[in-house]
Amino acid sequence: MKRVLILFIILFTGFSSYAQQAADEKAIQATIINVFDAVARLDDAGIKAQCTPDFTLIERGQVLNADTLLKWLAPLKGKGVKRVNTINFVKTGQQGNTAW
């Protein structure tokens, strides 16, 4: 009986941490999708709401922070530009307070 209890605890701990990791990955992916949806809408407030002060985006070889991203998007406003995002997550990771 003691062995069954120990096995149950080990299995439960493993599944619990896996479930937490999957939930964290979904939250990270949702944030990334929200940022790019705001970019597609040219929504400055929406972009700022999703980004931390140390936000970094590499787009077409350019390194952008939130302010440079907004400046980069500004000339597109009012020109009928439509951006369609397709995001396929190959790998989602997190180290400390940094996610990718």
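**Entry 1: contacts and overall make-up**

I began with contacts (heavy atoms within 4.5 Å) and noted that, among those in the protein with a separation of 6 or more, 48% are between residues 24 or more positions apart. I am working from a predicted model, in which local features need pLDDT of at least 70 and side-chain atom pairs count only at pLDDT 80 or more, while totals for chains, interfaces and linings use all residues. I number residues from 1 along each chain as its sequence is written, and side-chain values use heavy atoms, with hydrogens and water left out.

I then looked up the secondary structure, where helices (H or I, at least four residues) and strands (E, at least two) are DSSP runs numbered from the N terminus. I found three helices and four strands, in the order α-α-β-β-α-β-β along the sequence.

**Entry 2: confidence**

I read off pLDDT, the predictor's confidence in each residue from 0 to 100, and its mean over the protein is 83, with 80% of the residues at 70 or more.

I took buried as under 20% relative accessible area, exposed as over 50% and partly exposed as in between (1.4 Å probe, protein chains only); buried residues make up 20% of the 100 residues.

**Entry 3: Gln29**

I checked Gln29, which is placed in helix 1 and counts as buried because its relative accessibility is 14%. Leaving aside neighbours within four places in sequence, I found Gln29 in contact with Phe89 and Thr92.

**Entry 4: surface**

I used accessible areas from the Shrake-Rupley method with a 1.4 Å probe, where for residues only the protein chains shown count as cover. The protein exposes about 7900 Å², and carbon and sulfur atoms supply 60% of it. I also looked at Ile87, in the loop between helix 3 and strand 3 (94-95), and noted that Ile87 is partly exposed, with a relative accessible area of 33%.
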